[in-house]
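Here is a short note for a colleague who is new to reading protein structures. Please keep the structure open while going through the points.

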Amino acid sequence: MTLKVSSYGSSGGLSNKIAHQSTVTQTVDEDVLGTSGTIISVDIDNQHSATIFLKMKTTTGSYVSGTTYPDHQFRIPGSTSKRFDFTSGLRFSQLTFWCNSGGEYDSTTSPGGTVLVTFICS
């Protein structure tokens, strides 16, 4: 997995951040920004041929594989890219995410293909 977090510009003294994961799997990326903030948008590129589910935990706490309920979940069909914009922003106290091929909260099945995710946050 290659997680990259970069800062860019500023808005009212607050730094904006881009978090990009080039290989999202069932392995959790926990508290990726190390701070609270607001998600402005999320881009999900499912290069795998089957449907995947990007799952996010936006509240504090640890992720436990197969037992943690996601706060948000996005279904992305195979070979599809989607962008979700949050015009009022989606607040988070901690940004944690993972991806499964099953929509059930306790799914631990890897997506089996390449999934890229980019978060734009403030």
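The points below go from the whole chain to its strands and its core.

1. **Ground rules.** This is a predicted model, in which local features need pLDDT of at least 70 and side-chain atom pairs count only at pLDDT 80 or more, while totals for chains, interfaces and linings use all residues. Residues are numbered from 1 along each chain as its sequence is written, and side-chain values use heavy atoms, with hydrogens and water left out.

2. **Overall make-up.** The chain has zero helices and eight strands. Helices (H or I, at least four residues) and strands (E, at least two) are DSSP runs, numbered from the N terminus. Read from the N terminus, the order is β-β-β-β-β-β-β-β. The radius of gyration is 14 Å, close to the 14 Å that the globule rule gives for 122 residues, so the chain is as compact as a globular protein of that length. That radius is taken over C-alpha atoms, and the rule is 2.2 Å times the number of residues to the power 0.38.

3. **Extent and surface.** Along the principal axes, the C-alpha atoms fill a box of roughly 40 × 30 × 25 Å. The chain exposes about 5900 Å², and carbon and sulfur atoms supply 47% of it. Areas come from the Shrake-Rupley method with a 1.4 Å probe. Of the 122 residues, 40% count as buried. Buried means under 20% relative accessible area, exposed over 50%, and partly exposed in between (1.4 Å probe, protein chains only).

4. **Contacts along the sequence.** Take contacts between residues at least 6 apart in sequence: 76% of them join residues at least 24 apart. A contact means heavy atoms within 4.5 Å.

5. **Strand S3.** S3 covers residues 37-46, and seven of its 10 residues are buried. Nine bridges join S3 to S6 (residues 80-92), and the two run antiparallel. Two strands pair if DSSP finds at least two bridges between them. Gly37 stands opposite Phe92 in S6. S3 also pairs with S8 (residues 115-121), antiparallel, over seven bridges. There, Asp43 stands opposite Thr118.

6. **The three-stranded sheet.** Which strands form the open sheet of three? The order is S5-S4-S7, with antiparallel pairing. S5 and S7 are the edge strands, each pairing on one side only. Five bridges join S4 to S5, with Ile52 opposite Ile76 in S5. Five bridges also join S4 to S7, with Phe53 opposite Asn100 in S7.

7. **Strand S7.** Is S7 enclosed or open? Five of its five residues are buried, so S7 is largely enclosed by the rest of the structure. In a regular strand the side chains alternate between the two faces of the sheet. In S7, Thr96, Trp98 and Asn100 point one way, while Phe97 and Cys99 point the other way.

8. **The core.** The largest nonpolar core has 21 residues. Such a core is a set of buried Ala, Val, Leu, Ile, Met, Phe, Trp, Tyr and Cys residues joined through side-chain atoms within 4.5 Å. Ile39, Ile44, Leu54, Leu95, Val117 and Phe119 touch the most other members. S3, S4, S5, S6, S7 and S8 each supply at least two residues. S8 gives the most, with four.

9. **Phe119 up close.** Leave out residues up to four places away in sequence, and Phe119 still touches residues including Ile18, Ile39, Val42, Leu54, Met56, Leu95 and Phe97. Lys17 and Ser41 are also among its contacts.
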